[in-house]
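Student: I have a model open on my screen. Can you show me how to read its features?

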Amino acid sequence: MAGAKYFVTPDFSTLFNGEVWQRAMIQIFYSLGVGFGSLIAFASYGKQDDNFVGNAVTVSLINSGTSIFAGFVVFPILGYLALEISEVNPCVRSDNIGDLNIIGLTGPSLAFIAFPIAISRMPLAYVWAILFFALLLCLGIDSEFAMVESVMTVLKDRNSTRAAMKYPTW
């Protein structure tokens, strides 16, 4: 519960830290696909009379909902790890997952340190470990498909524009 409590309890002192806002903007920018152009590329295949504003709001809400759900998955695991580590390390309090920073559990290391530790405590750990790393593999491949699609869309549109300029339809 310490992890879930840490997740839902805001720390208002960080609102004045510009680095927090910068990281938040970068996260949203790239999680929506705007950073590489995949969201724009996918939107270019829509019908001209489609509700683009509604689609953008829907995608943004689904993305934010997924992030909130992921937070309720990640932070209880961190709370469990803080509880477990506090039994052997007096510098880590079981009720404060912020203390996990001193052992390096921040950023991308969460996926490769914290989750395998948590998965190793589950029944049928090997099955869950295989599923977890298969999920990471599929996530990476899916992200690459979106990036390739955005590049291919630009190339396709470039060739379409050249063909239209070469052979005018008037």
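Tutor: We will go through the core, a surface patch and the aromatic pairs. Keep in mind that this is a predicted model.

Student: Start with the inside. Which residues have the most contacts inside the largest nonpolar core?

Tutor: The general idea comes first. In soluble globular proteins, nonpolar side chains tend to be buried together. Now the case here. The largest nonpolar core holds 14 residues. Ile-77, Leu-78, Ile-97, Leu-100 and Phe-115 have the most contacts inside it.

Student: Which elements give two or more residues to this core?

Tutor: Helix H4 (52-86) and helix H5 (109-120) do. H4 gives the largest share, six residues.

Student: Now the outside. Which residues form a nonpolar patch on the surface?

Tutor: Six names to find: Phe-12, Leu-15, Phe-16, Val-20, Trp-21 and Met-25. Together they have about 730 Å² of accessible area.

Student: Take Leu-15. Where does it lie?

Tutor: Leu-15 is in the loop between helix H1 (2-8) and helix H2 (18-31).

Student: Why does Leu-15 count as partly exposed?

Tutor: Look at the cut-offs. Buried means under 20% relative accessible area, and exposed means over 50%. Leu-15 has 42% relative accessibility, so it counts as partly exposed.

Student: On to the rings. How many aromatic pairs are there in the whole structure?

Tutor: A search finds four.

Student: What kind of pair do Phe-7 and Phe-72 form?

Tutor: An edge-to-face pair. The centres of Phe-7 and Phe-72 are 4.9 Å apart, with 80° between the planes. Phe-7 is in helix H1 and Phe-72 in helix H4, so this pair ties together parts 65 residues apart in sequence.

Student: What are the relative accessibilities of Phe-7 and Phe-72?

Tutor: Phe-7 has 27%, which counts as partly exposed. Phe-72 has 42% and also counts as partly exposed.

Student: Which residues do ring pairs link into a cluster?

Tutor: Tyr-6, Phe-7, Phe-72 and Phe-75.

Notes:
Residues are numbered from 1 along each chain as its sequence is written. This is a predicted model: local features need pLDDT of at least 70, side-chain atom pairs count only at pLDDT 80 or more; totals for chains, interfaces and linings use all residues. Side-chain values use heavy atoms; hydrogens and water are left out. A nonpolar core is a set of buried Ala, Val, Leu, Ile, Met, Phe, Trp, Tyr and Cys residues joined through side-chain atoms within 4.5 Å. Buried means under 20% relative accessible area, exposed over 50%, partly exposed in between (1.4 Å probe, protein chains only). Helices (H or I, at least four residues) and strands (E, at least two) are DSSP runs, numbered from the N terminus. Patches are made of residues with over 30% relative accessible area and no salt bridge: like charges are joined within 9 Å, nonpolar side chains (Val, Leu, Ile, Met, Phe, Trp, Tyr) within 5 Å. Accessible areas come from the Shrake-Rupley method with a 1.4 Å probe; for residues, only the protein chains shown count as cover. A salt bridge is a side-chain nitrogen of Lys or Arg within 4 Å of a carboxyl oxygen of Asp or Glu. Rings of Phe, Tyr and Trp (its six-membered ring) pair if their centres lie within 6.5 Å; planes under 30 degrees apart count as stacked, over 60 as edge-to-face and the rest as tilted.
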